[in-house]
Amino acid sequence: MIRVHVLGVALDASGQHIVLLEPLEGEAGEGRVLPIWIGSQEATSIVIAVEGARAPRPLSHDLITTLFEALDARVERVEVTRLDEGTFYAELTIVTPTGTQVLDSRPSDAIALAVRADAQLLVAEEVLDEAGVPADMVDLARDEEKLDEFRKFLDTVDPEDFEG
C-alpha cells in the first residue's frame, strides 16, 4: 500500500468531478496522481473537509463522523484496494470499543470520512500502477477557474438544494 493525500478536487472536460490522490513524498509511486471520478455531493463534502470549512448544516459525512464519535469509534485508515472494470473499490477501517471493523465503501465516501478524521489514506500499488497518471499531466492551474467556480458554488449553496 502507498500512502497518499488529497491533492485536490477538479472537474474534467465534461464537468465530472475528480478527486486527485497523490503519493506522499518518498513513497513508491511518487510523481504520479490517481484520479477517481466521484459525484458532485461527494466532491462538495471532500472540498469542505480539505479546506477545513463547515457546511451550514451537517452533511452526511459530518453526521457519520459525529455518530462515530458518539459511539467511541474512529476512522483509522482508508484503503483504495482495487480497480475492476473501471470501478474503484475501497475499505474503511474503523476502530470501535468492540474491535476493529473493515467496511466496504465507495472511495469517495471513505475519502470524505478520512479527511474529516485525519486518517491515513492508502492506495494499492497495483491500482496506482494501473490508473495513475504522471503528475505533470494533472494541470490544476488550468482548472483553477473551474475550481473557483465550484468554491463560489459552495459559498452560495443552501441545505435545501440537496433535498430530494
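**Notes on the helix packing**

1. Let me begin with α2 and α3, whose axes are 10 Å apart and pack at an angle of about 55°. The two helices are therefore oblique to each other, and their crossing is right-handed. Please keep in mind throughout that this is a predicted model.

2. Which residues make this contact between α2 and α3? From α2 come H61, D62, I64 and T65, and they meet D109, A112, L113 and R116 of α3. Sorted by class, the contact of α2 with α3 has three nonpolar, two polar and three charged residues.

3. The other helix to look at beside α3 is α1. The axes of α1 (residues 40-50) and α3 (residues 107-117) come within 9 Å and cross at roughly 15°. That angle makes α1 roughly parallel to α3. Here the crossing is left-handed, whereas that of α2 and α3 is right-handed.

4. On the α1 side of this contact you will find E42, S45, I46, A49 and V50, and on the α3 side S108, D109, I111, A112, V115 and R116. By class, the contact of α1 with α3 has six nonpolar, two polar and three charged residues.

5. How much of α3 is buried? Nine of its 11 residues are, so α3 is largely enclosed by the rest of the structure. Just after α3, D118 takes a positive phi of about 55°.

6. Helix α1 is mostly covered too, with eight of its 11 residues buried. These are E42, A43, T44, S45, I46, V47, I48 and A49. Just after α1, G52 has a positive phi of about 70°.

7. V50 is worth a separate comment. This residue lies in helix α1 and counts as partly exposed, at 43% relative accessibility. Neighbours within four places in sequence aside, V50 is in contact with V6 and V115. V50 and A112 are 62 residues apart in sequence, and their C-alpha atoms are 8.7 Å apart in space.

8. A word on backbone geometry in the loops. Most residues other than glycine have a negative phi, and most peptide bonds are trans. Against that background, D72 has a phi near 55°, a positive value in a residue other than glycine. D72 sits in the loop between α2 (60-70) and β4 (74-84) and is exposed, with a relative accessible area of 57%.

9. E85 is another such case, with a positive phi of about 50° although it is not a glycine. You will find E85 in the loop between β4 and β5 (87-96). Is E85 buried or exposed? At 80% relative accessibility, E85 counts as exposed.

10. For the overall picture, the protein has five helices and eight strands, and along the sequence they follow the pattern β-β-β-α-α-β-β-β-α-β-α-β-α. Of its 164 residues, 42% count as buried. Among contacts between residues at least 6 apart in sequence, 55% join residues at least 24 apart.

11. Finally, a note on confidence. The protein averages a pLDDT of 85, and 84% of the residues score at least 70. Where pLDDT is low, the predicted coordinates should not be read in detail.

Conventions
Residues are numbered from 1 along each chain as its sequence is written. This is a predicted model: local features need pLDDT of at least 70, side-chain atom pairs count only at pLDDT 80 or more; totals for chains, interfaces and linings use all residues. Side-chain values use heavy atoms; hydrogens and water are left out. Axes are lines fitted to C-alpha atoms, for helices over the stretch in contact, and angles run from 0 to 180 degrees between N-to-C directions. Helices (H or I, at least four residues) and strands (E, at least two) are DSSP runs, numbered from the N terminus. Angles under 35 degrees count as roughly parallel, over 145 as roughly antiparallel, 65 to 115 as roughly perpendicular and the rest as oblique. A crossing is left-handed if the near helix is turned anticlockwise from the far one by less than a right angle, and right-handed if clockwise. Contact means heavy atoms within 4.5 Å. Ala, Val, Leu, Ile, Met, Phe, Trp, Tyr, Cys and Pro count as nonpolar, Asp, Glu, Lys and Arg as charged, and the others, Gly among them, as polar. Buried means under 20% relative accessible area, exposed over 50%, partly exposed in between (1.4 Å probe, protein chains only). pLDDT is the predictor's confidence in each residue, from 0 to 100.
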